Amino acid sequence: MTNFEALLEFEHSLSTYSKSSNRLMLSNLESRIEYASQFCQNQSSEEEPSQSIEKLFDDYNTAKDDFTTCGKCGTNINTISSNTCCKTFLDTKKTISSDLEMSYWTSFLSNPSQTINSFPSYTQLLFLQQGIPFQLRGPIWKRLLLLNNSSIPQTSLLVYENFQHSYSADISTQISKDLSRTFPDLPYFKQEETLQNLSTILNVYANYDAELGYCQGLLFLVGVLSHQFKDDPQLVFHALLTIMETEKSLHDIFTPQSMSHTLQSWNDEFQTLLKTIDGELYRHLNSFVEFQVFLYQWWLSFSCSHSPDMNIVNRVIDFCLLEGWKTGIMKISLGLLIANKPILMSLQDGDEEVAYQHLLNECKWGVVVNDVNSFFGDLLLSWDERIFEKKPTHLQTLKTHKRSTSMMDKFKSINLSINLKPRSNSTASDNPESAVSNQSQSSLSVFSSKVPTQDMDSIYSDMSSQSDFVPFKFPLKKDDTEVDDLTRENINLKCLLQQALSMLGEEASDLRERAAEYGV
């Protein structure tokens, strides 16, 4: 039962003394609501049955939690420990003792957007200063990503189902290599089912978003999401789509065509922020280190690599989901430098290798581990939010990568009449050379500075030659150098899927039968 009157009274009390204006959090929420609203009309009428907070706590299996650790000694809660602190930690976390907090989480799981808008200060207190109960983290992340949609949008499900073929041989090989080294010590990432799901999600996304393809950094995000959304790879895929579609700047730091200048833009913006927040530290570091040496690795791994405590990784994702990904990553990076200021200020010209070694290893989190709540809930919220809203003057005219339209927008923006005809017997599965021929989509590693620039042949070469596509007006100019054959063919396929989507509803079963008949 939600006690709104008590929540409103407490919210008013918090807002009176809060240093944060909550503008960044609410702006991030607004952009995601706008994105999610486009799927409302396509939602299934069947809603998932809601679970009570008590049942979520009772059903939680700590033996399968590889991320949550004891707040004092750092021992993982899925191990049998005789440490008194571990037992105390689990005892204090086994339930929600506050009726007010219980009311908040009940309201949030029912209507997340309304709850955040109504109680922004209490939202920040529970999410960032106090921390999400680990038993609720999966359901809460799911609600943050789906918002008020009751289930995964049909558009995402169609993409996930229809792009599971004709993978790039180069990308599949790179993904297979990276699967075992992203979180190498965690049992969950050694399970065959986990590895298969991760491989499918990343290969499908590389097929779908040919502009980005694949970069190892995506595995840090997808891996953490997969751990929370166990047994639901479709939800993980939709989460990846949502994150990349709602934050184009984040998308662009992983895209070969835009990676270099977007990272440089972030670097310039970051240095301006650091100079504003702590000029002394900025001037000192600027005198002997190159910021991009450590910042780029932080950003391309979502600040999740080289963490001494996997609970920190959870908190990083909590923060970015709430505040926004670029803002969150920037704030966390600023916080890490400021938290390590005493060490960094003791170094000088000639000690740059020592600085890099410290900042690129787990020891950079050393001072944070002792008080995670203070780092995420106090330090990162202590700065004037207006400096993160303003774009530095020298960046106003910076050339940015022109991403034509969002991937999901292309489903809706192109009017295409397609006459479906059964494919001939010569399909991608029958012709290995067609399925994975001389493809070189981006397969980037955060351990390598090499950025492939070769063009890639179509992953749907058989489709483009055997399907009758009626000419249509492409939304970009024909002489646009950023539009290659692969992009055009991918848009054609997405238009085909959109036509299928428009037939969903009473004809859903018929659509699937027809799709199977035509090999779609």
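In the predicted model, helix α5 (residues 99-110) packs against helix α7 (residues 120-131) at an angle of about 100 degrees, and the two axes lie 11 Å apart. Because angles of 65 to 115 degrees count as roughly perpendicular, α5 is classed as roughly perpendicular to α7. On the α5 side, the contact is formed by L100, E101, Y104, W105 and F108, which meet Y122, T123, L126, F127 and Q130 of α7. By residue class, this contact comprises seven nonpolar, two polar and one charged residue.

A further helix, α4 (residues 84-93), has C85, C86 and F89 as its buried residues. Viewed down the axis of α4, these buried residues fall within an arc of 100 degrees, and they therefore line one face of the helix. An α-helix has 3.6 residues a turn, so residues three or four places apart point the same way.

Cysteine pairing was examined next. The structure holds zero disulfides. The cysteine sulfur closest to that of C304 belongs to C320, at 7.8 Å, which is too far for a bond; a disulfide would require the two sulfur atoms to be within 2.5 Å. C304 counts as buried, with a relative accessibility of 3%. C320 likewise takes part in no disulfide, the nearest cysteine sulfur being that of C304, 7.8 Å away. The relative accessible area of C320 is 1%, so C320 is also buried.

Positive backbone phi values were found in two loop residues, S166 and F302. S166 lies in the loop between α9 (154-162) and α10 (169-179). The phi of S166 is near 50 degrees, a positive value in a residue other than glycine. With a relative accessible area of 11%, S166 is buried, since the category extends to residues under 20%.

F302 is located in the loop between α17 (291-300) and α18 (310-323). Although F302 is not a glycine, its phi is positive, at about 55 degrees. F302 counts as buried because its relative accessibility is 1%.

Terms used: Residues are numbered from 1 along each chain as its sequence is written. This is a predicted model: local features need pLDDT of at least 70, side-chain atom pairs count only at pLDDT 80 or more; totals for chains, interfaces and linings use all residues. Side-chain values use heavy atoms; hydrogens and water are left out. Axes are lines fitted to C-alpha atoms, for helices over the stretch in contact, and angles run from 0 to 180 degrees between N-to-C directions. Helices (H or I, at least four residues) and strands (E, at least two) are DSSP runs, numbered from the N terminus. Angles under 35 degrees count as roughly parallel, over 145 as roughly antiparallel, 65 to 115 as roughly perpendicular and the rest as oblique. Contact means heavy atoms within 4.5 Å. Ala, Val, Leu, Ile, Met, Phe, Trp, Tyr, Cys and Pro count as nonpolar, Asp, Glu, Lys and Arg as charged, and the others, Gly among them, as polar. Buried means under 20% relative accessible area, exposed over 50%, partly exposed in between (1.4 Å probe, protein chains only). The arc is that of the directions from the helix axis to the C-beta atoms.
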